[in-house]
Amino acid sequence: MTVYRVRFASTGELCRNTVRSKSVIGSRPPNTPESLPTRQRSRSGCRECRQRKVKCDETFPVCQRCQRRGSVCQPTLRTAQWQVEVPWLADSPVKTISLAPIADSNVDPRLMRYWLEATSQMLSVDSSNNPFSFPILKYVAGSPSLAHFLQSASAAQEAYFYQPEMSVSLAKRGEALSALRQELQTRSSSLSQCFLTLLMLGMSSSWMAMGPTDYGREHLLAAPAVADMILKQRDANNEELDHLTMGIYVYWDMACSFCLDPIDHPIERDSSLETYVKQARHTFHPITTHSIDLYHLLGQVGRYCRVIVDGGGRDLVFEVYSELSLNEYESIETDAMAKSLTEAFRKHGLLLLYRFCGTPGVCQPSSRKLAETENYIHQLALEIVELVLQIKSSSPYVNIQAVPLLSAGAEMTSLDTFQRNQIRQRLKEVYSTNRLVPTLWVLKLLEELWGVHDAGMTHITWLELMLNKNWRLRVG
């Protein structure tokens, strides 16, 4: 797979470029008195500080004033200055954004640029290797539906996903859906391109929803069939795009595994996807990094836990297989933060098995075994929190921490006050990084669960509470 690289200029580079630009434009005439320094009002402060009309220190992702207030910080997202290093533009003399090739005239260049510089960053754990940024224009050129979606997502994020201010976003989303239907009917775009738009629309359903009930069910039900078709008809020309879409699908499937009613669970027709993820782990993906096979397994575990909570029968063979697979899983990540996150997700899978199945593979464990299981679950939760907090709050890896934070946070007792506060702070940082409202719903669910547990009802799990509230919370 060819690696797309979008190199973002550092602050130092930008400063040097600014100095050079000033020297080229001209110098101050001789004998002209030095101009007094002028204090410019910051336009990058967080929303809360601007509304309060106080100076914001602009610490990202949470400013110090919001930290002291304990409030949720809504900072101005930092748009990245980038330089193009993509193979398909290597021989091109044009080094600026060109929207002319997009097969639709109804394109807002400002929203497209906002996607490239800001919105796309919440979809990649590596800002220097982000195919959702500038390289995505390669696919946008032949897919009006994708062009409309990118503008919709940008307009929504600009509005902090605040419903009264999302009219532009919803209009663009409607145009994306209409264009996608036409592309599928006329086959004007490849199946791989249509799959990318389908996944993006599905994933974003929870962003656009007014409450924690919409997780893109219709799109998720259609996705397995499309993935099967693509994997059975592999096209070397779409290899890069197919890897991008399969990684999105596997991660989204894992994040929605608790939402999907058992009657809607996909039926495994063959092992195409299973085979693919085992091979694809050696190829970097901007969301699943080198752990696509782990996320695929976690999706299966999540759906199984949902079956158990809904009163379904246990599959002891699956439980033993999953536990063994998770215990034997070895990360091939070389980046320290990627390795910490992968390990947190691995332990998250084990925690799920033990919390919802008791002792995997054992129908009637002894009281002593039950006590040992509870201690093991709590230890796993503490280790997950420690691993997650090893990742700096300013890192893009923060974007996908909500899943392990929820499962581990649900196990924090009234004695774990310090860890509870750490989880609160980190979830607020996750929200400040990507502005996704479902992250705040995760925090709200945890706060309610902690209150229930502190009142003595320790038997209820976060998933049971979520379903009792009629929530279908797509975590992550």
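Predicted model: local features only at pLDDT ≥ 70, side-chain atom pairs only at ≥ 80, totals over all residues.
I note first that a crossing is left-handed if the near helix is turned anticlockwise from the far one by less than a right angle, and right-handed if clockwise.

Residues are numbered from 1 along each chain as its sequence is written, and side-chain values use heavy atoms, with hydrogens and water left out.

The axes of α18 and α19 come within 9 Å and cross at roughly 165°, the axes being lines fitted to C-alpha atoms over the stretch in contact and the angles running from 0 to 180 degrees between N-to-C directions. The two helices are therefore roughly antiparallel, a term for angles over 145 degrees. Their contact (heavy atoms within 4.5 Å) includes I423, L427 and Y431 of α18 and L443, L446 and W450 of α19.

I then turned to helix α7 (residues 167-186) and helix α8 (residues 191-203), which pack at about 150° with their axes 11 Å apart, and this makes α7 roughly antiparallel to α8. Here too I found a left-handed crossing, of α7 past α8, and among the residues making the contact are L177, L180 and L184 of α7 and L198 and L201 of α8.

Note on methods. Helix = DSSP H or I, 4+ residues; strand = E, 2+ residues; numbered from the N terminus. Parallel < 35°, antiparallel > 145°, perpendicular 65-115°, else oblique.
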